[in-house]
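Morning, everyone. I'll take the strands, then the helices. Here is the model.

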Amino acid sequence: MTDGPRPTETQAWQALKIHREEMGGAGLRQFFAEDPGRGERFCAEGAGLFLDYSKNLITGKTLSLLVGLARERGLEARRDAMFRGEKINVTENRAVLHTALRAPRSASIMVDGRDVVPDIHAVLDRMTDFSDRVRDGRWLGCTGKRIKNVVNIGIGGSYLGPEMAYLALRPFSRRTLNFRFVSNVDGADFTEATQDLDPAETLFVISSKTFTTLETMTNALTARQWVVEALGRKDAVAAHFVAVSTNDAKVRQFGIDTANMFGFWDWVGGRYSMDSAIGLSTMLAVGPENFRDMLAGFHDMDEHFRTSPLESNLPAIMGLLTVWYNNFFGAQTMGIMPYASCLKRFPAYLQQLQMESNGKHVDLGGRFADYQTGPIIWGEPGTDAQHSFYQLIHQGTKLIPCDLIGFCRPLSPLDHHHDLLMANMFAQAEALAFGKTAEELAAEGSPDFQTPFRVCEGNRPTNVILAERLTPKILGSLVALYEHNVFTQGVIWNIDSFDQWGVELGKVLAGRITPELTGAQAPKLGHDSSTNALIGRYRRLKGSD
């Protein structure tokens with residue numbers, strides 16, 4: 001879909017707009033009072049995840065109208081086109097097939113006349129063989145020492161996914177291996193990651209599709225120098241570096257044996273790539289069996305999204321609720337609050353997934369989007385977040401829908417901690433929904449002068465996502481849930497969720513400015529007055545001028 005009516009011009013959108021006005025100030029206390037079974041009706045389940053969306057500012061009619069909007073915008077047809085491998089990334093003329101990365105060997109998925117499933121599993125098999133050799137000690141550094149440290153160097157999707165997954169699945173990881181992640185071109189990132197490591201025991205995984213990404217290759221070259229100087233051997237690179245890339249020539253030029261290069265494809269976007277070879281460090285950490293369990297969780301959610309009716313489809317429901325708040329309530333942000341310490345990087349991972357995918361200002365036809373697209377994503381794990389910013393969510397003047405993510409069984413043996421953790425999650429969802437009135441405070445004996453300060457209005461919407469336990473399989477389901485949630489939003493807004501042209505301009509300008517900062521002679525500057533002055537001050541304080 002490229003042309004045709006804008007989302008705001010559809011009958012379903014206009015019906016939702018009228019419905020929102022008709023709802024007026026009706027809230028969750030009223031909804032639950034009028035419908036005692038609401039908590040059992042407004043829920044859905046799939047791929048090991050349970051979604052309670054009853055504490056949202058919706059009625060049965062709202063959900064029906066939102067599903068009608070999805071159908072009018074062609075969500076099901078566009079979903080099917082994605083799974084078939086059609087080139088739905090229209091600005092780059094590419095298929096969008098991260099779902100193929102977790103397809104079983106028996107599947108067949110055609111891209112440009114070629115079945116890509118055998119290629120995917122060939123890479124997975126090579127990753128498995130390599131991971132086994134590192135983990136059991138057959139892969140040795142150039143001095144004969146066993147590998148004890150793995151440093152993943154990448155940026156964006158080549159970094160956020162692997163780091164998030166490693167931290168999430170650390171209870172399943174090989175504790176004799178130490179993992180570090182380097183992404184920032186700030187030298188402190190590399191220095192701090194490696195200062196206590198022995199180069200003879202360290203393996204670097206360099207993740208860059210083109211092997212030209214500025215930040216990644218700057219860190220990779222520094223890593224190469226660090227290893228070669230410490231070990232005194234140029235041939236050390238072959239034993240201490242592997243590549244996740246598609247550029248054989250650049251990998252070979254760097255000194256890495258291309259037999260130790262793991263490839264992926266242009267139909268895999270960076271922010272959708274953690275289950276490709278980009279996840280090599282994840283496989284090294286948790287082992288091939290757990291990695292494949294994670295892929296199975298991805299696939300389970302793919303199948304749920306592909307086959308379930310929209311009315312009971314978890315990603316579709318969550319995506320439509322995001323549109324509801326973003327476009328009909330004016331909510332500009334969304335909180336992600338995992339009640340699991342291991343998911344501490346999950347909100348950051350979703351920031352890229354959501355905001356790089358749907359932070360677009362034109363639709364598929366190149367027309368300016370005169371409506372709000374992707375919301376700002378932010379969050380921290382509970383219970384830390386409760387002592388940080390929940391005050392604003394409860395009593396602030398901004399509406400912030402939140403996803404609360406929890407698990408019924410802990411990864412830690414400290415069960416009583418987990419009960420307290422989950423009690424807090426359930427309590428926060430209840431408090432955000434129903435608040436506390438002045439009358440209730442008075443009945444509790446609250447001093448009159450405190451009452452205005454203690455009232456919580458409620459009507460703060462939440463989704464509660466529950467799973468039995470945070471396992472590799474459930475992590476895969478959870479990530480795929482949000483991938484398809486984001487896709488649903490993009491279809492409604494008629495935007496391309498799979499390009500990212502907005503990140504290019506800054507890269508180009510940085511390439512122009514870099515020599516102006518490093519040259520021995522003061523350059524002739526041709527920027528705006530602010531940029532010129534900043535460059536001049538930087539050079540003076542650095543001591544260049």
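A definition before we start: two strands count as paired if DSSP finds at least two bridges between them. And keep in mind that this is a predicted model.

Start with the open sheet. It has 5 strands, in the order β6-β5-β7-β8-β9, and the pairing is parallel. Which strands sit at the edges? They are β6, residues 178-182, and β9, residues 261-262; each pairs on one side only.

Look at β5, residues 149-153. It runs parallel to β6, with 5 bridges joining the two. To find your place there, take Asn-152, which stands opposite Phe-181 in β6.

α9, residues 214-231, lies across β5, β6, β7 and β8. Its angle to β7 is about 160°.

Next, the antiparallel strands. β1, residues 43-46, and β2, residues 49-52, are joined by 4 bridges. Cys-43 has Asp-52 in β2 as its bridge partner. The hairpin has 2 residues between the strands, and Ala-47 takes a positive phi near 55°. β2 also pairs with β13, residues 462-467, antiparallel again, over 3 bridges. There, Phe-50 stands opposite Leu-466.

Last, a helix pair. α13 covers residues 288-307 and α14 covers 314-328. Their axes are 7 Å apart, at an angle of about 70°. Angles of 65 to 115 degrees count as roughly perpendicular, so that is what α13 and α14 are to each other. Who meets whom? Met-301, His-304 and Phe-305 from α13 meet Leu-314, Pro-315 and Ala-316 from α14. That contact has 5 nonpolar residues, 1 polar and no charged.

Notes
Residues are numbered from 1 along each chain as its sequence is written. This is a predicted model: local features need pLDDT of at least 70, side-chain atom pairs count only at pLDDT 80 or more; totals for chains, interfaces and linings use all residues. Side-chain values use heavy atoms; hydrogens and water are left out. Contact means heavy atoms within 4.5 Å. Axes are lines fitted to C-alpha atoms, for helices over the stretch in contact, and angles run from 0 to 180 degrees between N-to-C directions. Angles under 35 degrees count as roughly parallel, over 145 as roughly antiparallel, 65 to 115 as roughly perpendicular and the rest as oblique. Ala, Val, Leu, Ile, Met, Phe, Trp, Tyr, Cys and Pro count as nonpolar, Asp, Glu, Lys and Arg as charged, and the others, Gly among them, as polar.
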